[in-house]
Amino acid sequence: MQKNIIRVDEENGAILENLSEECYVLNAALGEDFCRKFMTQAVKEERIVLFYGDNAIAAAKAFGADGVILDLGAEEVKDKLAAVRKELGKGGIVGLFTRNRRHESMLVSEAEPDFVIFKVWKDGFEGVKELTDWYADFFLIQSAAWVMEEGVDTVALRTDFVIEK
């Protein structure tokens, strides 16, 4: 059964009143005050918080988040991931995006992130489904579907997590 991760792309005070999911992903471009309030509430409710986007690592460090989601590409990904882990410190969670291609998925997985992320749209869904099926058969590293638009049938994907708004 997939677990939900809620993506927070805009400042919304109402979300702070009920952090019902186990994990949240915050856009690093959100305002400092909102991020601080969010982190305070998340720590109080023992929720996992990751940052994504430009300056995700700096935001995670500044606000004491659990980790980051990054797009490091496939070139020299092992070295890049090692540098990120060193900067985040021991125990930092790192999820890595992969292009929806088998070869890049393999390269990203070989770097050993905590999880690999596939972007999913309605258009091209069958190709992503085929890729996540293949991935689930061959890799032990967990995977996530990053939902790019509403109406995607995420239940049909063999991923461990679904990241959506």
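Trainee: In which strand does Leu 70 lie?

Mentor: This is a predicted model, in which local features need pLDDT of at least 70, side-chain atom pairs count only at pLDDT 80 or more, and totals for chains, interfaces and linings use all residues. Residues are numbered from 1 along each chain as its sequence is written, and side-chain values use heavy atoms, with hydrogens and water left out. Helices (H or I, at least four residues) and strands (E, at least two) are DSSP runs numbered from the N terminus. Leu 70 lies in S4.

Trainee: Is Leu 70 buried or exposed?

Mentor: Buried means under 20% relative accessible area, exposed over 50%, and partly exposed in between, with a 1.4 Å probe and protein chains only. The relative accessible area of Leu 70 is 11%, so Leu 70 is buried.

Trainee: Which residues does Leu 70 touch, not counting residues up to four places away in sequence?

Mentor: Contact here means heavy atoms within 4.5 Å. Two of the residues touched, Ala 56 and Ile 57, belong to helix H2, residues 56–63.

Trainee: What separates the C-alpha atoms of Leu 70 and Asn 55?

Mentor: Asn 55 is found in the loop between S3 and H2. At a relative accessible area of 60%, Asn 55 is exposed, whereas Leu 70 is buried. The two residues are 15 apart along the chain, and their C-alpha atoms are separated by 9.9 Å.

Trainee: Which residues of H2 are buried, and where do they lie around the helix?

Mentor: Ala 56, Ile 57, Ala 59, Ala 60 and Phe 63 are the buried residues of H2. Seen down the axis of H2, they fall within an arc of 165° (taken from the directions from the helix axis to the C-beta atoms), so they line one face of the helix.

Trainee: Which residue follows H2, and what is its phi?

Mentor: The residue that follows H2 is Gly 64. Its phi is positive, near 75°.

Trainee: What phi does Asn 55 have?

Mentor: Most residues other than glycine have a negative phi. Asn 55 is not a glycine, yet its phi is positive, at about 65°.

Trainee: Where is Glu 76, and what is its phi?

Mentor: Glu 76 sits in the loop between S4 and H3. With 59% relative accessibility, Glu 76 counts as exposed. Glu 76 is not a glycine either, and its phi is positive, about 50°.

Trainee: Which residues of H4 are buried?

Mentor: Helix H4 covers residues 102–110. Its buried residues pack against H3, strand S5 (93–98), strand S6 (115–120) and helix H5 (125–138). The buried residues themselves are Glu 104, Ser 105, Val 108 and Ser 109.

Trainee: Why do the buried residues of H4 line one face of the helix?

Mentor: An α-helix has 3.6 residues a turn, so residues three or four places apart point the same way. The buried residues of H4 are Glu 104, Ser 105, Val 108 and Ser 109. Seen down the axis of H4, they line one face because they fall within an arc of 135°.

Trainee: Which backbone oxygen does the side chain of Ser 105 reach?

Mentor: Ser 105 is in H4, and with 0% relative accessibility it counts as buried. Leaving aside its neighbours within four places in sequence, Ser 105 is in contact with Thr 98, Arg 99, Phe 118, Leu 131, Trp 134 and Tyr 135. At 2.8 Å, its side chain reaches the backbone oxygen of Arg 101.

Trainee: Which side chain is joined to that of Arg 99 by a polar contact?

Mentor: Arg 99 is found in the loop between S5 and H4 and, at 34% relative accessibility, counts as partly exposed. A polar contact is a pair of N or O atoms within 3.5 Å; within protein, one must be able to donate a hydrogen and the other to accept it, and residues adjacent in sequence count only if both atoms are side-chain atoms. At 3.0 Å, such a contact joins the side chain of Arg 99 to that of Asp 71.

Trainee: Which residues is Met 148 in contact with, leaving aside its neighbours within four places in sequence?

Mentor: Met 148 lies in the loop between strand S7 (142–147) and strand S8 (161–164). Its relative accessibility is 33%, so Met 148 counts as partly exposed. The contacts of Met 148 are Lys 119, Val 120 and Trp 121.
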